[in-house]
Amino acid sequence: MNNIIFIHLLNDYSGSPKVLKDTIRAVHPHMTRSKLYLGSSGDGVLSDCDIPITKYWYQRMGCKILTLFSYILSQIVLFFKLLTDHTIDKSAIIYVNTLLPFGAAFYGSLTGRKVIYHIHEISITPTPLKYFLMTIARKTSSLNIYVSDTHMQVLRIPNVPAIRVYNALDPDFIDRARKSTYLHCHDGYFNILMIASLRDYKGVPDLLALAWSLHGQTDIHIDLVVNDDEETIARYFEGRNLPPNLSIHPRTTNIAAYYVRASLVLNLSRPDQWVETFGLTILEAMAFGVPVIVPPVGGPTELIDVGVHGFMVDSRDQADLLKRVLQLHADPDLCLRMSRACRERAKDFSPESFASNVTSAINQVWNSQI
């Protein structure tokens, strides 16, 4: 391989930057003079990724309209930063992570460089923005990489070759998961864990409703770990009556510590508002041998078998959600069987397989087979 210019917008601790870091790690031994263009807002897993980083301006705002304006301006800045970077080889591939950095795709198309999109999202709002980004990808991309078969079917962009490459886990994370022991209860508590951004469509209101339904169960506790800071947490929950059995934690660099003490992991994304394309936190939980409850649509349906690794529940159906949680709470043997099955299933998503698949895709583009 030669020169790849990786592009990403928001550096945080969510799934898409983690996958990009895995991609960089996979292809780094074969590259020369490659770099990462990274939006300047936020700190996260891409802050240290073993290749040079060039920051371009981007700032998240408290207002959606202002954030949209900031985003569009950021892509203009990105375009001109790339255009004036004379160190980029003419043969370089522009590797756009998520649909959002369209300024890089414009740059690649204008300068005759091939563009690869690694797509992670389905639910983009407002709708005109979604179709604008899909149009840019259709006109500029040589290859679209999707994270699940369902994702590729739902967001297939016409006239662009596409492949599916399942995400994988970091080797250090896998090693820590392998050394952990699953327990049905920790210090007398059945601990429920959910990791999500503070967005209604991620099922946070549904988790609050579940917590209130469970608050008579004195041996059940819920941890919500959010991909936000203390100030954002305070603003989101202002004026809300929080149940006493719920603890809310800000973003962390040590998410594994929460999986170690989890009895059950939830993903409550609302199927009508947000379709999970893969569900990296689900795979992380399974690597630690923790049973899961996931949405009945999207990528999570390719990760688990119902009754074997956990259950599929529409979070809007509170009665069913409560039933499944109480079922697992009351049946340690079932949880232990699921735990063993989860660990076995997680082995199917190895870093070696991911590295082989993503480097093969890049090589095909480089060799003009796509």
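This note goes through salt bridges in a predicted model.

1. In this predicted model, local features need pLDDT of at least 70 and side-chain atom pairs count only at pLDDT 80 or more, while totals for chains, interfaces and linings use all residues. Residues are numbered from 1 along each chain as its sequence is written, and side-chain values use heavy atoms, with hydrogens and water left out.

2. Across the whole structure, the search finds 17 salt bridges, a salt bridge being a side-chain nitrogen of Lys or Arg within 4 Å of a carboxyl oxygen of Asp or Glu.

3. One of them joins the side chains of Glu284 and Lys18, at 3.1 Å from N to O. This pair links distant parts of the chain, with Glu284 in helix α10 (residues 280-287) and Lys18 in helix α1 (residues 15-27), 266 residues apart; helices here are DSSP runs of H or I, at least four residues, numbered from the N terminus. Glu284 is buried at 4% relative accessible area, whereas Lys18, at 22%, is partly exposed (buried means under 20%, exposed over 50%, partly exposed in between, with a 1.4 Å probe and protein chains only).

4. Asp175 and Lys179 also form a salt bridge, their closest N and O atoms lying 3.1 Å apart, and both residues belong to helix α6 (residues 171-179), four residues apart, or about one turn of the helix. Asp175 is partly exposed at 31% relative accessibility, while Lys179 is exposed at 65%.

5. Arg345, partly exposed with a relative accessible area of 21%, forms a salt bridge with Asp348, where the closest N and O atoms are 2.8 Å apart.

6. Finally, a network of salt bridges links Asp22, Arg25 and Asp170.

Technical notes: Helix = DSSP H or I, 4+ residues; strand = E, 2+ residues; numbered from the N terminus.
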